[in-house]
Amino acid sequence: MSLPQLSPELLDQRPDLLLGHTQLLALPEKIIQFGTGVLLRGLPDYFVNKANQQGIFNGRIVVVKSTNTGGTDAFSEQKNIFSHSIRGIENGNQIDDIVINTAISRTLAAASSWEQILECARNPEIKIAVSNTTEVGIQLTDDNLFASPPASFPGKLTAYLYERYKTFNGSAESGMVIIPTELIVGNGTKLREIVLEQAKRHDLGQAFAEWLEFNNEFCNSLVDRIVPGKPDAETIAELTERQGFRDDLLIVSEVYSLWAIEGGEKVSAALSFAEADKGVVIAPNIDLFRELKLRLLNGTHTLASGLCYLHGEDTVRQAMENPETADYIANVMLKELAPAIPYELDLSVAEEFGGQVLDRFRNPFIRHQLIDITVQYTAKMKMRNVPTLLNHYKNSDAVPELFAKGFAAFLQFMKPVLHKDGGFYGDRNGQLYSIRCDSAAYFDEKWKNASSPLDLASQVLADADLWGADLTLLPGFEQAVKENMIVTQIAE
């Protein structure tokens with residue numbers, strides 16, 4: 001007998017799953033969210049749902065699907081309700097909980113429901129905007145704000161805010177709190193600059209620009225929670241049997257959670273859901289949180305993902321169970337990245353944080369696919385690791401050998417052997433893998449024209465337009481990368 005699918009009707013029949021769901025599903029919409037990804041559902045949406053269940057925030061989320069790929073069928077079929085499996089170790093205790101999340105009210109595809117999205121701009125209760133459109137999503141493009149919809153996320157947001165401005169005649173009270181969660185330094189500041197520039201390019205007026213600047217809070221923020229992509233078949237089968245229902249939107253995450261948001265009293269007042277969980281931190285400055293997470297957790301992920309994948313591992317957990325790859329991950333993090341973080345902090349703080357990260361990597365419940373970490377590999381390498389590399393050379397003449405090994409593996413990973421249906425594919429011992437990176441075509445051209453892997457390394461390292469610096473000028477680094485271009489083993 002097939003199991004029922006998660007839905008409001010199932011919650012009616014199974015009060016053991018969630019008490020008071022009827023009231024939770026009736027809460028008003030207060031947040032517009034650009035992005036349907038698992039990170040947003042596993043962190044911001046988790047916090048909002050927790051607050052709602054405690055009677056604190058009492059608001060739901062309208063989700064905008066910004067890309068043209070895929071659909072919103074699973075959200076529609078389940079009325080946007082999903083289950084969230086939280087598994088890991090906290091303070092020495094094993095946690096294995098399941099949460100039913102009812103925070104999302106609607107999911108709208110921007111390509112087909114743009115007028116409904118603009119209607120949300122006219123809703124005085126929707127005062128918060130959240131986004132996660134990957135690191136490459138916050139870019140200034142030659143967009144058309146009057147299209148239905150504009151192509152880029154900043155274009156969509158600018159058009160949305162302009163609609164709100166017109167609706168409420170530019171009143172101060174109609175301003176919003178806007179929190180991008182894309183993992184780039186100063187994400188809120190950068191998004192604000194792009195929105196202002198788009199407004200200028202489209203001649204939307206000085207009054208609108210002043211309303212944007214003085215009545216809206218663009219908050220820098222940092223998210224930190226491991227929420228892998230779609231769980232594997234084994235995990236889905238296990239949790240489905242345990243829960244007694246099917247859930248096509250099921251997500252799994254670790255226990256640890258942090259959403260650090262830069263802001264003052266106005267932001268704190270708007271984000272009342274922060275009261276429900278200590279994982280939401282609102283502070284005037286979040287640089288320390290950002291640098292530790294960006295350089296140690298994400299930076300290590302980026303340096304190790306291609307290396308461990310080419311070594312034969314498929315998940316972070318497998319890499320941590322293999323003594324060779326586990327040693328690489330620990331040593332590159334603690335011996336090379338931690339001392340070189342481009343932010344003034346006590347090394348002991350970085351080492352303590354790094355120790356926590358290693359424990360999280362060892363979480364036996366999380367199957368974080370290494371291939372998923374390589375999405376937008378080049379942008380991640382530039383944003384997360386190159387600043388650390390440059391800072392290393394400001395403080396030391398020693399060649400960061402482990403960093404060079406990870407960088408060499410990145411170059412090897414980015415070697416396409418097949419171009420099919422608009423995608424590029426690499427080869428791992430006869431197994432094709434998808435290179436999901438906007439720079440895949442660049443590397444395809446470089447690999448085809450290079451006389452050897454060593455020539456390829458020199459050309460790419462010297463590309464200051466790609467990295468923001470000529471990396472061949474770093475003493476010994478180019479040679480160290482070349483020595484590691486053929487990934488056969490991981491030395492101590």
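Biologist: What should I know about the numbering and the pLDDT limits?
Modeller: Residues count from 1 along each chain as its sequence is written, and side-chain values use heavy atoms, leaving out hydrogens and water. The model is predicted, with local features needing pLDDT of at least 70 and side-chain atom pairs counting only at pLDDT 80 or more, while totals for chains, interfaces and linings use all residues.

Biologist: How many residues are in the largest nonpolar core?
Modeller: The largest nonpolar core has 69 residues. A core here is a set of buried Ala, Val, Leu, Ile, Met, Phe, Trp, Tyr and Cys residues joined through side-chain atoms within 4.5 Å. Buried means under 20% relative accessible area, exposed over 50%, and partly exposed in between, with a 1.4 Å probe and protein chains only.

Biologist: Which residues have the most contacts inside it?
Modeller: Phe361, Phe407, Leu411, Phe477 and Val481. Setting aside residues up to four places away in sequence, Val481 touches Ala404, Phe407, Ala408, Leu411, Ala457 and Leu461; contact means heavy atoms within 4.5 Å. A second, separate core has 36 residues, including Ile61 and Cys219.

Biologist: Switching to strands. What is the order in the open sheet of three?
Modeller: The order is β9-β11-β12, with mixed pairing. Strands are DSSP E runs of at least two residues and helices are H or I runs of at least four, numbered from the N terminus; two strands pair if DSSP finds at least two bridges between them. The edge strands are β9 (221–224) and β12 (280–283).

Biologist: Which helix packs on the sheet?
Modeller: Helix α12 (residues 287–311), touching β9, β11 and β12. The direction of α12 makes about 45° with that of β9, where axes are lines fitted to C-alpha atoms, for helices over the stretch in contact, and angles run from 0 to 180 degrees between N-to-C directions.

Biologist: Where does Asp277 lie?
Modeller: In the loop between α11 (265–270) and β12.

Biologist: Buried or exposed?
Modeller: Asp277 has a relative accessible area of 11%, so Asp277 is buried. A polar atom of the Asp277 side chain lies 2.6 Å from the backbone nitrogen of Gly279. Beyond neighbours within four places in sequence, Asp277 is in contact with Tyr46, Phe47, Lys50 and Ser257.

Biologist: How many bridges join β13 to β14?
Modeller: Three, between β13 (residues 418–420) and β14 (residues 423–428), which run antiparallel. Their hairpin has two residues between the strands, and Asp421 takes a positive phi near 50° there.

Biologist: What about the hairpin of β14 and β15?
Modeller: That hairpin has two residues between the strands, and Asn429 takes a positive phi near 50°. β14 and β15 (residues 431–434) run antiparallel, joined by four bridges.

Biologist: Last topic. How many aromatic pairs does the count come to?
Modeller: 22 aromatic pairs. Rings of Phe, Tyr and Trp (its six-membered ring) pair if their centres lie within 6.5 Å; planes under 30 degrees apart count as stacked, over 60 as edge-to-face and the rest as tilted. One of the pairs is Phe403 with Phe477, edge-to-face at 5.9 Å centre to centre and 70° between the planes. Phe403 is in helix α18 (residues 401–413) and Phe477 in helix α22 (residues 477–483), 74 residues apart.

Biologist: Why is the pair of Phe410 and Trp467 edge-to-face?
Modeller: Because the planes of Phe410 and Trp467 are at 70°, with ring centres 5.9 Å apart. Phe410 and Trp467 are both buried.

Notes. A polar contact is a pair of N or O atoms within 3.5 Å; within protein, one must be able to donate a hydrogen and the other to accept it, and residues adjacent in sequence count only if both atoms are side-chain atoms.
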